[in-house]
Structures are given as structure tokens and as C-alpha cells.
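Here is a friendly walk through the contacts in this model. Take a look at it first, and then we can go through the interfaces together.

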Amino acid sequence: MKNLSAFLFSILDKFMRLVELPTVYVQKKIGVQRMGYLFVAPNMVLFSLFVFLPVGLAIAYAFTGGTNMLIWDRPFIGLENFSRLLNCGSYMDPASCEFDLFWTAVHNTWWYTLLNATGTLVMALITAVVLNRLSKGKALFRSIFFYPVLLSPVVVGLIWKWFLARDGLLNALVLDLGGERTIFLLEVWWSRFWVVYVSIWFHMGFFTLIILAGLQAIPRDIYEAAKVDGTSEWRQFWRITLPLLTPNLLVVAVLLLIRSVQVFDEAWVLTDGGGPGTANTFIVQFIYQTAFSSEIRLYGLASAASVLMGLALLALTLIQVWLAKKAEY
Amino acid sequence: MAAIQLKNLHKRYESIDVMHQVNIDIEDGEFVALVGPSGCGKSTLLRLISGLEDITSGEILFDGKVVNRLSPAEREIAMVFQSYALYPHMTVKKNLSFGLENLNMDRAIIEERIQKAAKLLDLLPYMDRKPRALSGGQRQRVAIGRAIVRNPKVFLFDEPLSNLDAKLRVQTRGEITKLHKKLNTTMIYVTHDQVEAMTMAEKIVVVNAGRIEQVGKPLDLFERPANRFVAEFIGSPKMNIFQAGITKVSDNGIEVTSKSIGEFSIPVISKTAKIGDSVTLGVRPSHIEIAESGIPLEITQLECMGHETFIYGSIQGEKEDLVAHLPHHFDAEIGDTIFLRFTSQFMHVFCDKTDQAFKRIEV
Amino acid sequence: MLKFLTRTRRPGKMDITDILSWLWLTLGTAVIAIPIAWAMLSSLKTQAEVNSFPPSLIPQSTVSTQVEGYDKDLSVWEWTQASGETKKVALVRRIGIKATVLDMEKPEKTFQVPISEITQLKDVHFQWSNYTDPLERFDFFTYIKNTVFVTVVATILTLLLNSMAAFALSKYKFRGKNAIFMLILSTLMLPLSVIMVPAFIVIVGLNLADNLWGVIFATVATPTGVFMLRQYMLTIPDDLIEAARVDAASEFRIYWRIVLPLCAPALAVLAIFSVIWRWNDFLWPLIVLSSPENYTLQIGLNAFQGQFSVEWHYILAMTVIALLPVTIVFLVLQKYITEGVAGSGVK
Ligand SMILES: Nc1ncnc2c1ncn2[C@@H]1O[C@H](COP(=O)(O)OP(=O)(O)OP(=O)(O)O)[C@@H](O)[C@H]1O
Ligand SMILES: [Mg+2]
């Protein structure tokens, strides 16, 4: 075993000596310090191709029309994509818009974001505070609550789809308690509820962990002082923990908003593509469908929607950076 | 082995000049110490010589050949770092052989060389240990071993002993000197400890604020400091300093008068001296004698070691305390007043305008 | 367990907050565990049982037996006689509310009993074929192979490329270094969902559409990885690198032989994350891959559940396969993962 690994290592080393040769040549040419360029190059190439270039393209495509994929085959149409997306009788009523699906998605995303962010924040905060009280078993429960975060959206979607199915465990329980058998995911309001519920279930552990780190950063002696004063634990939470945690919580809240706006994966799997009807169709799904899964692939329109969403996210990100700076004092 | 010349060396980081027009000649096989206060640029100078840092202008020559653009390896130097910089993930043996493997040397030669170095430095029992499992002194020896195995032309040391305790430092000092005798390779040694410099080096370079103040043999620097900085930097305790004015200039020297310590006639070359110029007088603590009468000193502190005595006290009209070093036991009490005598032929005179010393007339 | 749970800061005394905390933790654990456990249990049931309602808790199957004179196996039932006595019988046939059965001790003679008097006998049975069938009959073996390929290759490339960039950004001085670092960090804020359309067009331009390499290349340069490794490399003393330069090592060799081994702890954390990310990736492969022979497990599973939405016994088994590697990694390395997330705020 040891021999084998030594052998493999020697082969790897020989190979790396070959890789080394051209770099030595480059090093001679450009000098030691500028070798930094060579080392960042592969990363920068990939970033350029898959991040920077797409950002530019997204903006470029947003101003072009037609269904051609190549940018030079596409006619420039100015702001038409945006004006069509924003062409509404009333923004409160998706049905009055030219692209009613887009506005339905915007409305759905808005409500989802609001509920999901609030729900997750409250649940994560309570869990973090409870975990922070534990003297033993903290690591165990932290792991339990964090575990769902590591699952894939497909897995989460399917697990819950099965749990909520017509023949699922939940219906069995409901029936047992004298309730009525319901196909949860086919009823508009129930399905919306469960989409938010599953999202909270899925991502809460991540935010719990971040809030917990914030809680643990609060100096112990502050609590000790309060204990000496005979302050009850309940009051401690409202008077000490929460105020000290607020900067942290604000950053977490904005992060949550940013994540929520991008909802797609698990909701898409859970609701079979945004159903029932368009009850759970969100913005990312609209972009995805417009660009990839409809008969006519409207890249320009999808890009315009991406740009609009990107701007919203940018605003949130700037708020977050500003809050994070402030949290550091 | 190599002779090294630095010609008009200049180094600038962004907008800060850290080395100014440095000129040094180092002979083949010489042991040179670079000394100076912290931040004066000793390490920078060493790194410029090593090739780890590019020079801004000027020339570095090894054996008469310009090496400005060569890498450390191509200059065939070896370096021992203050932190030792041993590779933490490699065994002692690997640490020693890494440099040779990089040169694609034959395995057998590598083996032979590291065995030789290990024997020389008593490292054989530790060959399979990682640096983590070694004591400070052992790590130090590995660092030196790593330098030796490559048979370099020049050894560069950057404060190699500053992480060792006092006893080990004295011992290693001796070992490095022995090593130099044995290998006879050019060595450049950075230290801020002047005892190290004085005892080990054949030549000392005093650096201050990126400039060379003086280059010379250890005793030369002590006896004939070229300027006030060197005079105050070399020697411990520090030289005592007094303000004075020139009252008479003659071929045999100059006469100076100080408000606090009186008149002296000092045998120095007087070409640049002018009557009325203000000067600084310097007297080493060991050149002060106790006398029946003379300059009165009120003792503020006494350090008696038995075989020697340090006396601290104040002289009227002087802000700074004076230090005297007597090579014998001396009975006194704090608060006593004693009388001192300065021998004028051991006194140093520095021009206040240039801080340069007036050269002594040698007898 | 109960004692362990209730131990809080003040041992001995339980007040209302302790009880509430305890309740919260138990409830939370149940809410998290039950759906997963339910999916796992169901994945081991036979198709008939998966589709029966109300569901049974433990995977079971009906008991059957061979009786002389009958070609097929007969199912075994328990007959509760009017007297209260019970007897094991084998069901021969069923007509209306009458069942023709035979006594298993005297198999020669059949007789009729009302259906309401017999219940079918079941025993614990794990339907492992739910796991093996999809591998053989459907493309799941290919999906798994593809996912493993993407995960392994992307993780190796992630480690290599990101550590190289981190090395450059932490140990070299060159013009534009800070600008490049800021540029890389800024991509942290740019979600895939915003640029997925043009990113796909780039993939098409590179002729990597419907190709696993298209999935790999777009994901290996991660700002998180660069940032994490750079922070770690800043703690490696510059002296070590200069010592290696004096030791005649080329810059690439310094990277390969000195910096990379010294970064092992940080690389390990990044490797764990990378494996989890790539194994779970959904949206990007969904966009890039279009033919089933190129699907990754997540995409394949999603497609399968859309197409064969009644085959829950297979869907669930494959769901368990999809969550298993991540679960094992988490069980073994949970400390590193939770601390890594808490420390850097990434997931
Ligand atoms: N990379 C750099 N950029 C800018 N200035 C530098 C850099 N490296 C060193 N310096 C400056 O150059 C001067 C000389 O530094 P150097 O390390 O050579 O001092 P030193 O004599 O070795 O001091 P010490 O005895 O404390 O080691 C210092 O003022 C330092 O601030
Ligand atoms: Mg230094």
C-alpha cells in the first residue's frame, strides 16, 4: 500500500516535472513576480468566459430581438424588450400585462420572498438561541439542523412530494385525526404554503449556523453581569442578545432576501414546474422557460428579465455590503 | 567562493528609497558582518545580494561578473533565515535534499552530500524527523545544513542566532566561525548584536538609514570611528558625548573647550578645523579614569560585578548621564562625588556640521 | 437520552424555558427526520405496498407458500373463527365476499369462509430490487457514472485552479493584483440565475452544449475557493517561499512542492464543499445537458420522476442513492463542514 502510493506519487512527480518545463521558460522570460499572472490566468480565463462575458452578453442580448442565438444575427431593438415586459395596465394585476406570466412570477416571487425570508429568519433565530443555551449536545443538534442544507434540491423536492402525496404519510395522519384527505400540491394555497415550508425546512440550518456564530461572538461576561443583577433569561434575550445581534441579523436578512428572489430548484421539482397552473411560477423559472423550454426561444426577452432581476439583486447586495460594513463598526 | 562587489546600489520600494548608493567590496572567503539599527536596511541589502529582490539601479558583481539579472540559484548563494524557514512538511533529510533535487542532481551524489553535511552538523539522529519535532538549536543546524549541501559560493545569514537562548547563541557563534575556517567560503552575516559582529567578522559594515556609514575591521571601528553614528553605535556601553567649541588650531591638533568638562588638546589632523566651530567630544566609558581631582561626578547608580564596575552619574551642565567603566572593583556609594580624568589622546572629536570625525594623528 | 437533552446550564433545575427549548429541539429533529426517514422506508417497499393507502410503516410483503397440487404459490392468511380461535389458511381463490381457502395442516381439503373473517399475513421485507432495477432497466447507472465523473474532475480542477490563483494573489507582487482580486470577489455576488441565458450561449459557442465538460468548466473557478485558499496561504511565511527560491526551485515547483502540501487543511475543506456542490448541482446541468446519456443523477432523477411519476418505489430508491454520498460525507466530516460554513459563510 505504501509502496503503491509512493509509486503513484513518483509518477505524478515526473508528470509535474514535465508541466514545469514550459513554466520555467516563461519564468525566465517574465521574471519571478510576474509569474503571478501565469498562476491567475486559468482562473481568469474561466471567470471571463462564464461570468464576465455573460454579464456583458446579458446586457447586449437584452437590447436585441428575434430568435437567433448568435448576437450578430440579432436585430437591435433598443428598449423594446423592457417596455414589453413592463407594459402593464396595472402592476397590481398581472392579467392586465402584455407578459402576464412575467408579472405573475414577479407577484409570486414577491410573496414567496416576504414569507420565506421572515419565516426562515424567525425559525433560524429561535433555533440558534436554543442551541446556544445548550451546554452539551450542541454539536449534535447543530448537525441535525444543518443536515438538510446539504441535500440537493431534487432530493428535497422528491422527499416532500412523497410526504405530501395523495397516498402520503401526511394524508394518513390527517385522516387518522379525522381530517379530510387533500392533494396538497394541487391546491393553490396549500401548494404555496408547502413551497415556503419546504424552503424553510431546506435552508434554515444554514442561517441558524450563521446566527449561532454571531451569538457565540457576544462576550460571556455581559450575561454574567446580567445574571448578577438577577435579570430573567427572557429579559436577557430582549435587552441584551437581540440588540447585540441586530447588525448580524440585518445582514442575514438581506442575504435571505437575495437568496429568496432566486427561488427555483426545489420549488420547480416539488410543484412539477410551478403548478398548479402558475401558482408557483417564479422569476427564474420564467427566465428559464422563456429562454430554454418554450417553442420559440426568446433570448432577448429572457435576458431583459435577467437584467431586471440582476438590478434588484444588485440593490440588495449593495445594501448588504453597507450593512456588513456597519456591523463591523 | 566568490568576491563580491556592490557598485552604486540603489533600491526603492514604490516611492521610498531604502538603499542609497551603496558601495562595498567583499573579498573572496571573507566573513563580513552587516550591522545597524533596526529598519536600517540590513535585510534588504542581503536580499539584494541574494537576488531575492531586484535592485533599482547599480551593479552587483560576483567575481567580476555582473549578476544583476541572475536568480538566487544562478548566483549560487545559500541563505540561512532568521526564522530558519525549514519546510514544515518535509523530514530533515528531505529539507536537506530538496535544493539538490531541484538541480536534478544524481541521487547518489545527493545522498553523499547530505550524509556529509549531517555528520558535520551532528544531524544524523534526526534525519527522519519533521522540523516540528526539533529543538531551536537543532532547527538552526538543519537550516545551516541546507545551506552547506549546495556548496554555495556565498553564504548569507540573516540574524540566524536571534531565536536562540543566550548560551546556545555563544556556542553556535563559535560553530559558525569554525565552519567558516573550514569551508573558507565568503560569508555575509546580518546581525543587530554588535558582540556577534565584533567577535565573528573579519570586516564589519555599519549601515544606517540605507547608507553605509563605515566599513572596516572590528577594532578599527571601535578605535577609529569615521563619524558620530559609528562611534555611538559600536561599543557598549555607549560613548559619552559632550558639546564643545574649537579654541585653537595647530599642526599637532586642536584645542577644544567645553563648559562642563573643561579644556583639552587633542592630537587630530586639523586641516578642516576652524576656530569657533562647534564640535562634539566623545569619550568611551573604558577610557575614563578616577583621579584625586578633575571633573566632579555625582554618582546616581553603581553596578559592581567584582572584577569590573560601571559608574553612572551626572556632571553639572550636562543633561545626559555619564557612564564610566572601570576594569576593577571600586568602593563608592550612590550620592558620593568623585573626580574623573579623560585622557585626551583617546578622545574623539566630531565636526557638528558634518558629523564626521577628525582623523587621529597616528603615532 | 432524555437526561442528556434536558441538561442545560443550570443542572438540576428545569424551568419553563428549559422545557420550551427541549420541546423545540425534539420537534425540530422530528420535523427534519420524519420526511427523510419516510422516504427511506418507502424506498424499500414493494410497488404494491408503496401504492397502498393507508400506508404501513415498515416495509412488508405478503407471505406465500407452496402447496402440493397448485402451480402458483398461495398467499397465507389468518382466519379468525367465530369462536375466537385463529388458524393459518392459504387462499386459493376469491369470489365476491367468499374466499376459498385450505387449511395448511390439511391441504387436501378446501373450504369457504367469509372475507371479513380473514386477514392477510405479512412479514418484514426489504425490496432491494428497487435499487438494482433502475440501474439495469433505466439509465441510472449512466447518470451515476456521469455524476461521479463531473464531481471528481470538477473537484480536482477546482483545487488546482483555485489554489494557483490564490497562490498568485497571496504571494506575488504584480500590477493589477488587487484589481483582479476585487474582480474575483465581486463574482461572489453574481448568482448563476442572472447570467444563465448568456452563459449557456457561451457554452454553445464553445461547442460544449450537452457535454459534461460544459458542466465542469463553468463551475471550477469559484470565488469562494480562491478567497478561502488565499486567506490560508497568507499565513504561510514568505520566508519559506524565498528559501525554496534560494534552493533553486522554480516558481511552479514552489507551488507544487511547498505551497500545495502546506495548504492541505484548506484544500480538504474546499474539496468537501466542491464534492457536495457538484454532486447536488441542478440548474446549470439542467440547462447544459439535453440528452439522457449525458444526464447527471439529479437531472436524470428529475426527468425520470416527470416521466414515470407513478413509479414511486424507483423514484424513492434513486432519491436515497442521490442523498447517500452527501450524507456519508457529512456524518464523517460534520465538524469541518459546520465550522467551515460558520467560519466563511459559504455553502
Ligand atoms: N517590501 C517593502 N516595501 C516597502 N518598504 C520596505 C519593504 N521591505 C522593507 N521595507 C523598508 O525598508 C527598510 C529596511 O528594512 P529591512 O528589513 O532591510 O531592515 P533591517 O535592517 O533588516 O531591520 P531589522 O533589524 O529590524 O531586521 C525599512 O524601513 C522597511 O520599512
Ligand atoms: Mg532584518
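A salt bridge here is a side-chain nitrogen of Lys or Arg within 4 Å of a carboxyl oxygen of Asp or Glu. By that rule, the side chains of Glu232(B) and Lys238(B) form a salt bridge, with an N to O distance of 3.2 Å.

Before going further, a word on the ground rules. This is a predicted model, in which local features need pLDDT of at least 70 and side-chain atom pairs count only at pLDDT 80 or more, while totals for chains, interfaces and linings use all residues. Residues are numbered from 1 along each chain as its sequence is written, chains are lettered from A and ligands numbered from 1 in the order in which they are written, and side-chain values use heavy atoms, leaving out hydrogens and water.

**Two domains in chain B**

An automatic or database domain assignment divides chain B into domain 1 (4-232) and domain 2 (238-360). Their centres, taken over C-alpha atoms, are 38 Å apart. Contact (heavy atoms within 4.5 Å) involves 9 residues from domain 1 of chain B and 11 residues from domain 2 of chain B. Phe222(B), Arg228(B) and Glu232(B) supply 55% of the area that domain 1 of chain B buries against domain 2 of chain B, more than any other three residues. Buried area is the accessible area (1.4 Å probe) that two parts lose on being put together, summed over both.

**Chain C against chain A**

Here 99 residues of chain C are in contact with 105 residues of chain A. The rule gives 1 salt bridge between chain C and chain A, and the side chains of Asp18(C) and Arg133(A) meet in a salt bridge at 2.6 Å, N to O. By class, the side of chain C that touches chain A has 66 nonpolar, 21 polar and 12 charged residues; Ala, Val, Leu, Ile, Met, Phe, Trp, Tyr, Cys and Pro count as nonpolar, Asp, Glu, Lys and Arg as charged, and the others, Gly among them, as polar.

| Interface | Buried area | Share on carbon and sulfur atoms |
|---|---|---|
| Domain 1 and domain 2 of chain B | about 970 Å² | 53% |
| Chain C and chain A | about 9,500 Å² | 75% |

**The disulfide**

A search of the whole structure finds 1 disulfide over all chains, a disulfide being a pair of cysteine sulfur atoms within 2.5 Å. It joins Cys88(A) to Cys97(A), with S to S at 1.7 Å. The torsion about the S-S bond of Cys88(A) and Cys97(A) is about 105°, so the disulfide is right-handed.
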